Structures are given as structure tokens and as C-alpha cells.
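Subject: Structure handover

Hello,

Here is the structure for you to look through. My notes on it follow below.

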Amino acid sequence: MHSAIVLIEIGAVILGLGLLGAVSARFAVSPIPLYLLAGLAFGHGGILPLATSEEFTATGAEIGVILLLFTLGLEYTAPELVGTLRHNWVAGLVDLVLNAAPGVATALLLGWGPVAAVALGGVTYVTSSGITAKVLADLQWLGNREVPVVLSLLVFEDLTMAMYLPILTAMLAGVGLVAGLTTLAIAAATITVILVVALRYGRYVEKFVASPNEEVLLLKALGLTVLVAGVAQLLQVSAAVGAFLVGIALSGPLAHAARQLLTPLRDLFAAVFFVFFGLRTDPAALPPMLGIAVLLAVAGVLTKTATGWWAARRAGVGTLGRARAGISLVPRGEFNIVIAGLAVAAGLNNQIGPLAAAYVLVLAVTGPILARSLEPLTRWHKHRHGTPSGDAPTEVAPEAPVPTP
């Protein structure tokens, strides 16, 4: 009886996602807000909580983020990754300062203390790689000239998170300096090893994964990606970073074949991820913190848009491309909730959880809508005022190559 109920719940969730996807396609909007709202409706405190299939949904959500970042990695080669990071590290630091500042200032103004300030700064800083990857794919922006800039900023953020999370965990636990530095050293060493393997031994990884049989190729690529992501997470590094680096280790025809095979799985589990995020949020906890969350969200839209605009301008991208780069960075999601969850679990402040949930929900819904609305608004403005879009071709810095679509 238990397994039957689990199957019924899983089937209903997937069928519901299909219906929501059909609605979004009918009205030409992103399905992400609909998935999130569905999660709210059927999560804890919702209309009809789903309890028996929660373990499947949680695992599926993790796989969804892993596959989203793996397919993003397939858009890059290892030399391109190093080149764009080298070119855009200044933009990465600007991103860190501009977007962590609102969270730090809010926590200090509310009197939550310095540790809470570090935690809330992380919540407002990092973009949701999963939602941004989905937006780029849905809007067919992956071949655009600003995408290398966006991806380099996402990678910089994920690498920063790999260093930040061990530090935050140590601060929350009140451990000594030596223990905190040890955790940080393990995370840094893990990233270095994975990156070196991707850069110097990528051809061996390709040989290992390659197969003329599509079934074998699918199983090898999926298994290796999830395995490396799991090992990375075990060693205090983001699973998303591990999956991304596996993606960049593959290139050429093999990357194209892997992308085609894994795209349906990516879309399924990515949808589960967005639903799971909504399932974990109690709607009753959101209203008291909604005002502060909205103010932080407005600041987040402005700071992320400014970051993307400035970084894309440095890369020689035109006006519309700069706007796309900025809007692409607006969504918040998985990392933000993880950071808030660590703070709540440590007993730091029980208001951080609802504030982070409301903040992320606002931007997770607003980000895709703004991205979807950008080009229609640009065309309307151009038609009304007779002005060019400003996206005329310009030279792109050689360090920011464009990935193959």
C-alpha cells in the first residue's frame, strides 16, 4: 500500500508538471514560477501536503541541479573556462561586494549580529545557477555573446561558495581557527584536483565516456557526473561545481551527443527541483518577513543587473546583451536556501529562514518573468521611439569566447 501511494504521488507530480508546462507554453511564459507555486501549494502548510514521496522529490531535486550545471559545462571547453575566469575575476569581485552588501547591512541593522550578517550576505549574494541555466535554455540564449560572461560569473560564485560554506559552517559551530582552515583547505584541494583533471586530462575522460552505443553513452555520462558531484559534496565542495567541471571535460561531438541524450532527463529533474523548493517552504511563515524580503529583492534586482551590465560591457557586448546578462543573474534559489538552512539548524536566528524563503521566492519568480519580458519590452520601446536596440556587433575580448550552441 505504501509503495502504491508513493507511485500515485510521483505520477501525479510529474503529470501536474506536464500540465503546468503546457500552460506556460500556451502563454509563452517561463514554467519556473508555476513549478514553485505548485510546490508551495502541496508542501508543508499547503493545501494538500505530499509526504510519502518526499525522499524521491529531494533526491530528484539534487539530480536536477547537477544535470543543469553539467549541461552548462558542456557549453565550455576547459581553456575557455580558464580564459573567461581570468578575464572576469574583477567582475566576480564586484558581484560579491555589490550583492552581499544588502544582506550584511540588513542583518546588522536588525541587530542579528556579525555571524548572521555573514549568513544573510551569502543569501543575497549568490545567483541560482539552476534557475539561470533553465532560463538561458528556455529562452534560447545559450548562443548569445553575453553568455560566456554570465557563465563565468556563475562559476566564480560557485567557486566562492565552495570556500564560503566551510567558513560559515565553522563560524556557526564556533570551532577553532585550525579546524576551520582544515575544512577550507580540503575544499580548495578538491576544486583544484577536479579542475586539473578537466584541464589536463580531459581527453582521457572523453575516451572513457565515449561510446557508439547511445544507451552506454547515457549511462556513462550520467553516472560519472552524479558520482563526481557526490564526491565533491562529500569533500565540502558544491555538487554543482563538480558537475560543471565534468561537463567542461567533454567537448566536440561527444559533448553534443551527451547534451542531446541528457536534455530530457535534465528537464524532468530540473522541474522536480523547482517543485521541491516550493515544497520545503511553509506559506504561513512568509507574510511576516515579506516586507523586508521585497526590499531586499528590489536591491537584488538592481545590484545583479548592474553587475551583469558592467561585466558584459567590459567584454564588448552591446546594450541589449548587457541587459540580458544582468537579468539572467537575478534569480536566487538552491544555495540561498542551503545557507539559510545552515543558520537555522545552528540556532542562529529563527527569522533568517522565513526571510530567505520569501526573498528567494520573490526573485525566483521575478527573475524568469523579467527575462521573458526583456526583449518584447525592448521591441516595444524601439517601435515607440524609433531608437536602435544598441546590440550592434562589437568586438568581444579574446578572453571571453562564445560557447557553441
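Leaving out neighbours within four places in sequence, Leu153 is in contact (heavy atoms within 4.5 Å) with Ala91, Gly92, Asp95, Thr307, Ala311 and Leu329. Leu153 belongs to helix H7, residues 147-173; helices (H or I, at least four residues) and strands (E, at least two) are DSSP runs, numbered from the N terminus. With a relative accessible area of 1%, Leu153 is buried. Here buried means under 20% relative accessible area, exposed over 50%, and partly exposed in between, with a 1.4 Å probe and protein chains only.

Residues are numbered from 1 along each chain as its sequence is written, and side-chain values use heavy atoms, with hydrogens and water left out.

The average pLDDT of the protein is 81, and 86% of the residues score at least 70; pLDDT is the predictor's confidence in each residue, from 0 to 100. Confidence is highest in helix H13 (residues 290-314), with a mean of 94, and lowest in helix H8 (residues 177-200), with a mean of 74. Over residues 387-405, pLDDT stays under 50, and the model has 50 contacts beyond four places in sequence for that stretch. Where pLDDT is low, the predicted coordinates should not be read in detail.

Overall make-up

The protein has 16 helices and 0 strands. Of its 405 residues, 51% are buried. Among contacts between residues at least 6 apart in sequence, 83% join residues at least 24 apart.

Gly16 is in helix H1, residues 2-26. Gly16 is partly exposed, with a relative accessible area of 24%. Between the C-alpha atoms of Gly16 and Ala38, 22 residues apart along the chain, the distance is 8.7 Å.

The buried residues are Ser129, Gly130, Ile131, Thr132, Ala133, Lys134, Val135 and Leu136. At the start of H6, a side-chain oxygen of Ser128 comes within 3.0 Å of the backbone nitrogen of Ile131. A polar contact is a pair of N or O atoms within 3.5 Å; within protein, one must be able to donate a hydrogen and the other to accept it, and residues adjacent in sequence count only if both atoms are side-chain atoms.

Gln140 sits in the loop between H6 and H7. Its phi is near 55°, a positive value in a residue other than glycine. Gln140 is exposed, at a relative accessible area of 70%.

Helix H14

In helix H14 (residues 319-328), 9 of the 10 residues are buried, so H14 too is largely enclosed by the rest of the structure. Among them are Arg322 and Arg324, along with Leu320 and Ile327.

Thr71 counts as buried because its relative accessibility is 6%.

H3 packs against helix H10 (residues 214-234) at an angle of about 110°, and their axes are 10 Å apart. Axes are lines fitted to C-alpha atoms, for helices over the stretch in contact, and angles run from 0 to 180 degrees between N-to-C directions. H3 and H10 are therefore roughly perpendicular to each other, a term that covers 65 to 115 degrees. Glu62, Ile66, Leu67 and Phe70 of H3 make the contact with Leu222, Thr225, Ala229 and Gln233 of H10. These residues divide into 5 nonpolar, 2 polar and 1 charged, where Ala, Val, Leu, Ile, Met, Phe, Trp, Tyr, Cys and Pro count as nonpolar, Asp, Glu, Lys and Arg as charged, and the others, Gly among them, as polar.

Regards

Conventions: Predicted model: local features only at pLDDT ≥ 70, side-chain atom pairs only at ≥ 80, totals over all residues. Parallel < 35°, antiparallel > 145°, perpendicular 65-115°, else oblique.
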